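The structure under discussion is shown below.

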Amino acid sequence: MRSIDRTKTVVGLLAVGLVALAGGFALAAEEDESDPLIEMIIELVGDEDRDMRALGLQQIREEAPGEAATKRFAALLARLAPEGQAELLGALGDRQDAAARPAVLEMIESREESVRAAALRALGGLGGEDDVALLAKSTTAAGEPQRAACESLVRLRGEGIDAAIVAAMGEAEPDVRAELLGVLARRNAKDSLPAVLESAKDTESQVRVAATAALRFLADETHTAAIVELLKDMEDEAELRKAELALLAVCSRSGEACSEAVIAGMEGAGPEARIALLHALARAGGAAAQETILARLKDEDKRVRDEAVRMLSGSSDPAVVPRLLEIAKKSESLRHHVLAIRGLVRLSAPRGDEPAKLE
């Protein structure tokens with residue numbers, strides 16, 4: 001117990017001392033690599049005690065500015081055990097000084113998975129366009145390095161990063177292309193949409209799925225027609241569902257602006273695609289969308305008719321009440337009858353100061 005208390009006391013005293021030193025020597029550290037603060041930090045980072053190392057690493061992140069200091073800290077990597085290397089790499093990445101990049105790149109070749117992952121993750125904070133190819137290649141590594149590479153690609157900053165990621169997709173294997181499409185979505189790289197749309201037509205299923213998933217986040221109403229055409233051409237159910245989710249997301253964001261393209265897409269669409277387009281029209285809303293849903297009550301396919309009734313029963317527009325009454329009174333389908341009654345009950349419920357429409 002005394003040993004624990006002593007360690008806490010020493011750590012606390014060192015923290016106070018380092019703050020004071022940082023205030024006195026911070027400016028000099030930019031020019032003088034033998035600054036006492038740097039020497040103390042180096043000693044702490046090499047300490048066997050984890051609390052002591054953490055104190056030194058925090059100073060690397062926040063104090064002792066300058067390229068000379070960064071190079072001295074990076075030079076420590078070769079002298080540390082794997083655990084210490086991983087910790088220091090994290091601090092250097094947070095420091096975001098490109099002077100540490102050469103040493104970090106060397107650590108990517110480490111035999112230790114934790115060190116490789118830490119080095120890949122550090123590149124997200126201090127790397128650039130030139131590191132995209134290396135990180136892209138690492139997106140298919142096993143375990144933590146794979147996640148670290150993807151995280152770094154998302155974090156990289158610079159005008160040419162998105163274009164470099166698209167370029168890396170060009171000659172990459174399908175699994176790499178799929179990962180990079182996910183990265184573009186997480187980066188909100190809207191300027192990459194032409195490449196994403198092209199990837200949605202790829203010969204490899206995993207790439208098509210990844211591309212349509214990316215469209216869910218990147219596309220807007222101007223891409224509605226393109227997504228509709230993709231959806232109509234998809235034969236695999238899983239891919240069609242991804243395309244439908246993308247279309248629903250766009251319709252949710254843009255509303256009636258999407259209706260025209262969705263309605264036009266009904267022409268020549270198969271039953272599964274027509275059902276997906278009905279879902280999109282219900283999400284987009286508007287009079288034209290409502291009329292198209294009503295027209296599908298007479299669709300040649302029973303599944304489409306069922307879905308049209310379900311869309312009407314879920315509508316919040318009182319204008320559908322006459323059609324729901326007609327379905328409830330005349331439909332020979334018990335399913336349609338039940339859906340229509342449910343819709344009428346919901347639409348007749350009291351709203352604000354209006355009483356229930358019991359009639």
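## Nonpolar core

The model is predicted. Its largest nonpolar core comprises 106 residues. Within this core, the residues with the most contacts are Ile-60, Phe-73, Leu-215 and Leu-247. In soluble globular proteins, nonpolar side chains tend to be buried together.

Leaving aside residues up to four places away in sequence, Phe-73 touches Ile-38, Ile-41, Ile-42, Ile-60, Ala-64, Leu-88, Leu-92 and Arg-95. Ile-60, one of these partners, is also listed among the core residues with the most contacts.

## Salt bridges

Across the whole structure, a search finds 24 salt bridges. In one of them, Glu-87 pairs with Arg-53, with 2.8 Å between the closest N and O atoms. This pair links distant parts of the chain, as Glu-87 belongs to helix α5 (residues 82–95) and Arg-53 to helix α3 (residues 50–62), 34 residues apart. Arg-53 counts as buried because its relative accessibility is 9%, under the 20% limit.

Two other pairs each lie within a single helix. Arg-147 and Glu-144 form a salt bridge whose closest N and O atoms are 2.9 Å apart. Because they are three residues apart in helix α9 (residues 144–155), about one helical turn separates them. Both ends are partly exposed, Arg-147 at 44% relative accessibility and Glu-144 at 26%. Asp-306 and Lys-302 meet at 2.8 Å, N to O, and are four residues apart in helix α19 (residues 302–313), about one turn of the helix. Here Asp-306 counts as buried at 9% relative accessibility, whereas Lys-302 counts as exposed at 52%.

A network of salt bridges also links Arg-241, Glu-244, Glu-272, Asp-301 and Arg-303.

## Helix α21

Helix α21 spans residues 334–347, 14 residues in total. The distance from its first C-alpha to its last is 20 Å, close to the 20 Å expected at 1.5 Å a residue.

The buried residues of α21 are His-336, Leu-339, Ala-340, Gly-343, Leu-344 and Leu-347. These residues lie on the same side of α21 because they cover an arc of only 135° around the axis. What covers them includes α19 and α20 (321–330). The face turned away from this buried side carries the exposed residues Leu-334, Arg-342 and Val-345. Helix α19, part of that cover, is also the helix that holds the Asp-306 and Lys-302 pair.

Definitions and conventions. Residues are numbered from 1 along each chain as its sequence is written. This is a predicted model: local features need pLDDT of at least 70, side-chain atom pairs count only at pLDDT 80 or more; totals for chains, interfaces and linings use all residues. Side-chain values use heavy atoms; hydrogens and water are left out. A nonpolar core is a set of buried Ala, Val, Leu, Ile, Met, Phe, Trp, Tyr and Cys residues joined through side-chain atoms within 4.5 Å. Buried means under 20% relative accessible area, exposed over 50%, partly exposed in between (1.4 Å probe, protein chains only). Contact means heavy atoms within 4.5 Å. A salt bridge is a side-chain nitrogen of Lys or Arg within 4 Å of a carboxyl oxygen of Asp or Glu. The expected span of a helix is 1.5 Å times one less than its number of residues. The arc is that of the directions from the helix axis to the C-beta atoms.
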